[in-house]
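Work through the exercises below with the model open beside you. Each task is followed by a stepwise solution.

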Amino acid sequence: MALTLPVHISKASLTFVAEAVGNVLQLQTRNSHLVRKLLCTEGFSTTFGSAYQSRQNSSKSRQISVGVVGAGGIASSVHIPNILSNHRIQLRWIVENKLETIETVQKSLYTEVSFHTSEHLESLLDDSSIAAVFVLTPTPEHRDIVLSALRQGKAVFTEQPAAENAADIQTLYDTAASVGRPLLTGFNRRYDPSYRHVYDCYKDGQLGKLQLCRLTVRDSPKPSHELMPTMDTNECNILSDIAVHDFDFMAWIMKCAAPESIHVVAHAHDPVAVEKGQPDVSIVTMKYPDGVICLLDSARESCYGHDFRVELFGSQGMGSFDNPPLSLTTKKLDIGALQKPMMHTFTQRFSDSFEIQLNHFLDCVEGKCSPCVTKDECVLTALMIEAAVESYKQNKVINFQEFVSNRDV
Ligand SMILES: NC(=O)c1ccc[n+]([C@@H]2O[C@H](COP(=O)([O-])OP(=O)(O)OC[C@H]3O[C@@H](n4cnc5c(N)ncnc54)[C@H](O)[C@@H]3O)[C@@H](O)[C@H]2O)c1
């Protein structure tokens with residue numbers, strides 16, 4: 001049974017709900033961090049509170065003990081709330097260097113988990129009871145942390161990309177293979193029901209021979225100007241920051257076939273983007289040896305909400321999906337029909353896929369399956385981005401095979 005709590009809930013109604021659902025409450029619900037938050041409010045204690053606590057205590061021995069490194073944007077808005085809500089995990093510690101971030105996370109998530117700074121990471125990793133580590137730091141910090149965790153025998157989830165370049169990504173996956181621990185990279189679109197459905201339609205042969213793939217990602221809200229130049233050191237970070245999931249989709253759907261050519265056209269519109277030399281709109285075209293043509297369009301700011309679309313055009317049909325609105329309500333007036341706007345952020349749009357991704361990682365930790373995102377896909381995705389950046393810099397079509405033959409991967 002899934003329980004959905006309204007956002008504004010009184011203590012009295014929570015007590016009622018708690019008594020009513022008692023033993024059947026599943027903590028693995030989207031709002032369970034809200035329940036935790038309410039329960040941890042000072043002086044607040046209910047029947048449900050003690051039931052919740054005793055279930056937590058009795059199941060602790062079966063839980064997977066994990067640590068988190070990095071508690072910033074995506075960690076505090078997605079991963080840490082999901083980890084705290086998931087009954088399969090016990091979060092033992094968080095490593096974060098910024099005091100301000102620690103205070104924000106402690107206040108907003110009402111968690112009593114211990115925080116440490118990165119100089120303690122090695123000793124925390126020494127603890128053999130920790131089975132897995134989540135690496136949620138900025139990308140340039142991933143490599144060394146992932147390597148340390150793997151070498152200490154931990155399973156690792158790392159946010160995407162796993163490292164700054166294809167060669168480092170290869171090193172991480174080779175290390176994971178040599179120590180025999182799973183490494184999962186956070187390409188979370190893989191678990192989104194719409195992406196998955198369109199992928200399955202093609203894989204099942206319903207679309208016939210693939211001819212054209214059109215993928216759109218237009219971000220919302222626009223990242224702050226302070227954040228923009230820190231995202232990636234390359235000269236066209238819209239490709240590694242925004243289009244990255246679409247490159248991953250192409251690696252996935254094309255079964256790791258490499259494109260023969262890549263070409264990028266991009267432009268900076270926002271005055272600060274112009275000043276920083278970072279385009280905020282881009283189009284990537286890729287052609288594959290079997291004739292498939294792919295077009296990825298990306299924008300940093302979409303004023304009408306987070307816009308994700310996919311269209312797979314084949315000899316026997318077309319598979320596509322559009323954006324879900326915030327709600328299905330439609331208002332019909334004499335001037336026409338009004339619909340609710342689209343979701344505003346990627347955390348709203350992909351909340352389900354992040355939860356599914358977490359459970360997939362835990363299955364990998366428990367040895368029930370292997371990571372569905374593979375080394376070859378991650379390396380190919382990184383190489384396609386590197387080639388795309390080169391195309392932008394040189395303003396020419398890049399021959400992908402030639403480009404790869406000059407790299408050390
Ligand atoms: N899957 C997605 O859709 C998605 C979306 C956004 C970001 N990301 C990825 O997530 C990662 C983090 O991005 P973010 O936007 O949350 O970054 P962020 O800068 O907001 O947060 C990173 C946090 O890590 C901390 N940190 C840095 N170095 C550390 C260290 N050595 N030890 C401990 N803590 C350290 C920082 O203080 C900061 O709080 C990046 O790799 C990014 O590409 C993925």
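**Exercise 1: Two helix pairs**

H7 and H8 are roughly parallel to each other, because angles under 35 degrees count as roughly parallel and those over 145 as roughly antiparallel. This is a predicted model, in which local features need pLDDT of at least 70, side-chain atom pairs count only at pLDDT 80 or more, and totals for chains, interfaces and linings use all residues. Residues are numbered from 1 along each chain as its sequence is written.

Task: find the angle and axis distance for H7 and H8, and list the residues that meet.

Step 1. Locate the elements. Helix H7 covers residues 139-151 and helix H8 covers 166-179. Helices (H or I, at least four residues) and strands (E, at least two) are DSSP runs, numbered from the N terminus.

Step 2. Read the geometry. The packing angle is about 5°, and the axes are 9 Å apart. Axes are lines fitted to C-alpha atoms, for helices over the stretch in contact, and angles run from 0 to 180 degrees between N-to-C directions.

Step 3. List the contact. H7 supplies Arg143, Val146, Leu147, Leu150 and Arg151. H8 supplies Asp168, Leu172, Thr175, Ala176 and Val179. Contact requires C-beta atoms, placed from the backbone, within 7 Å.

Step 4. Sort by class. The contact of H7 with H8 has six nonpolar, one polar and three charged residues. Ala, Val, Leu, Ile, Met, Phe, Trp, Tyr, Cys and Pro count as nonpolar, Asp, Glu, Lys and Arg as charged, and the others, Gly among them, as polar.

Task: are H8 and H15 roughly parallel or roughly antiparallel?

Step 1. H8 and H15 pack at about 170°, with axes 9 Å apart.

Step 2. H8 is therefore roughly antiparallel to H15.

Step 3. From H8 come Ala166, Ile169, Gln170 and Tyr173. From H15 come Lys375, Cys378, Val379, Ala382, Leu383 and Glu386.

Step 4. The residues of this H8 and H15 contact divide into seven nonpolar, one polar and two charged.

**Exercise 2: The core**

Task: how many residues form the largest nonpolar core, and which have the most contacts inside it?

Step 1. Apply the criterion. A nonpolar core is a set of buried Ala, Val, Leu, Ile, Met, Phe, Trp, Tyr and Cys residues joined through C-beta atoms within 7 Å. Buried means 20 or more other C-beta atoms within 10 Å, exposed means 12 or fewer, and partly exposed lies in between, with C-beta atoms placed from the backbone.

Step 2. Count. The largest core has 90 residues, and Val156 and Ala388 have the most contacts inside it. Helix H15 (residues 375-394) gives the largest share, 11 residues.

Step 3. Ala388 touches Leu239, Ile262, Val264 and Val284, leaving aside residues up to four places away in sequence.

**Exercise 3: Backbone exceptions**

Task: where are the cis peptide bonds and the positive phi values?

Step 1. Most residues other than glycine have a negative phi, and most peptide bonds are trans.

Step 2. Find the cis bonds. One joins Gln160 and Pro161, with omega about -15°. Pro161 lies in the loop between strand S5 (155-158) and H8. Another joins Ser220 and Pro221, also with omega about -15°.

Step 3. Check phi. Cys256 has a positive phi of about 70°. Asn395 has a positive phi near 50°.

Step 4. Cys256 has 15 C-beta neighbours inside 10 Å, so Cys256 counts as partly exposed. Asn395 has 10, so Asn395 counts as exposed.

Note on methods. Contact = placed C-beta atoms within 7 Å. Parallel < 35°, antiparallel > 145°, perpendicular 65-115°, else oblique.
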